[in-house]
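Here is a friendly note to read beside the structure. Please keep the view open as you go through the points.

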Amino acid sequence: MNEMSIEELPGIGPATAEKLRDAGFNSVEAIAVASPAELAGTAEIGESTASKIIMAARRSADVGGFETGDAILERRKEVGRLSMGCTEVDRMMGGGFETQAITEVYGEFGSGKTQIAHQLAVNAQLPVDKGGLNGSVILIDTENTFRPDRIAQMVKGLSNRYETEYEPEEFLKNIHVARAYNSNHQILLMESASELADSLRDTGKPVRLLIVDSLTAHFRAEYVGRGTLADRQQKLNKHLHNIMRFADLNNAMVFVTNQVMSKPDAFFGDPTKPIGGHILGHTSTFRIYLRKSKGDKRVAKLVDSPNLPDGEALFSVTPEGLVD
Ligand code: GTP
Ligand code: MG
């Protein structure tokens with residue numbers, strides 16, 4: 001890993017460095033994967049200067065330009081898989097949710113999106129041989145639905161499943177939760193998330209899971225009316241690119257939740273359509289539609305994936321967590 005500070009890049013003085021840091025470009029890696037326009041706007045420099053800085057960062061960070069197929073294969077070897085602990089879902093996902101990718105789950109209220117978020121926050125801390133990523137978790141909570149008690153119940157569930165005495169407190173210690181009060185705050189929290197991930201990288205519990213629950217709720221509430229749609233999509237798009245960058249730089253799994261359009265604004269079209277439209281659809285690597293079935297049963301349907309066949313999987317929400 002490159003430990004170079006961003007001031008060491010040609011063209012970055014202290015003032016520019018400060019502006020870049022304020023905007024979340026804390027590392028050479030982060031600059032290397034930025035676009036010239038993005039960097040120019042942030043640091044108030046010309047685009048050609050920005051391009052030169054980015055090229056220098058790419059050389060230093062060794063992340064830029066074209067990659068050969070075998071190099072991609074090498075990076076893909078690092079891809080981890082996080083188990084939800086439910087046989088059918090894990091199978092549908094090719095053995096678990098992939099790192100270096102964004103998985104979006106959308107569904108109506110009560111379909112279980114937040115429950116999955118809680119279960120993944122627990123499972124991610126397990127060792128690899130138990131389907132975990134042996135890592136810490138960052139949760140951006142926009143709806144104030146994180147419940148430590150629920151985590152404790154799920155940890156008890158795991159203790160029973162593996163006949164091991166897991167301590168709920170130990171799991172809670174590795175879940176870093178931030179409330180996001182509005183969409184701008186949510187965007188800003190990605191910077192803190194990157195800093196936190198940097199500081200935890202060498203602790204033995206690096207951040208391997210980022211959850212944003214809900215990704216779209218604030219955007220949806222704040223940008224109402226047709227005229228604001230383009231603006232909303234642009235912001236959401238940029239936010240998602242920051243999130244994707246986080247997934248790549250940290251070899252992390254990213255789990256985001258999304259609502260479906262509820263009745264009042266579904267004058268036309270499908271009321272089970274996710275919010276956010278095409279941009280979100282194209283950026284999420286995996287897209288899952290969740291719906292309620294009988295009682296505590298839920299159906300997860302994989303509707304979009306780069307490499308897996310579409311499929312459906314059944315699981316249950318129980319007091320002990322998510323099970324077959
Ligand atoms: P919105 O965020 O409102 O869009 O819904 P969501 O998809 O996040 O739903 P959530 O994951 O909160 O699922 C709620 C459902 O999970 C409830 O209707 C319950 O069936 C179940 N549930 C929530 N908490 C618990 C719990 O502590 N124990 C058990 N057994 N089930 C729970
Ligand atoms: Mg929820």
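This is a predicted model: local features need pLDDT of at least 70, side-chain atom pairs count only at pLDDT 80 or more; totals for chains, interfaces and linings use all residues.

1. Residues are numbered from 1 along each chain as its sequence is written, and side-chain values use heavy atoms, with hydrogens and water left out.

2. The count comes to nine salt bridges, each a side-chain nitrogen of Lys or Arg within 4 Å of a carboxyl oxygen of Asp or Glu.

3. Do look at Glu98, which is buried at 3% relative accessibility (buried means under 20% relative accessible area, exposed over 50%, partly exposed in between, with a 1.4 Å probe and protein chains only). Arg76, Arg81 and Glu98 are linked in a network of salt bridges. The closest N and O atoms of Arg81 and Glu98 are 2.8 Å apart, while the N to O distance for Glu98 and Arg76 is 3.2 Å. Arg76 is partly exposed at 37%, and Arg81 is partly exposed at 34%.

4. Another salt bridge joins Lys19 and Glu44, with 3.5 Å between the closest N and O atoms. Lys19 is partly exposed at 32%, whereas Glu44 is exposed at 62%.

5. Finally, which residues of α10 meet α12? They are Asn184, Gln186, Ile187, Met190, Ala193, Ser194 and Ala197, where contact means heavy atoms within 4.5 Å. Their partners in α12 include Lys235, His239 and Phe246.

Methods:
Chains are lettered from A and ligands numbered from 1 in the order in which they are written. Helices (H or I, at least four residues) and strands (E, at least two) are DSSP runs, numbered from the N terminus.
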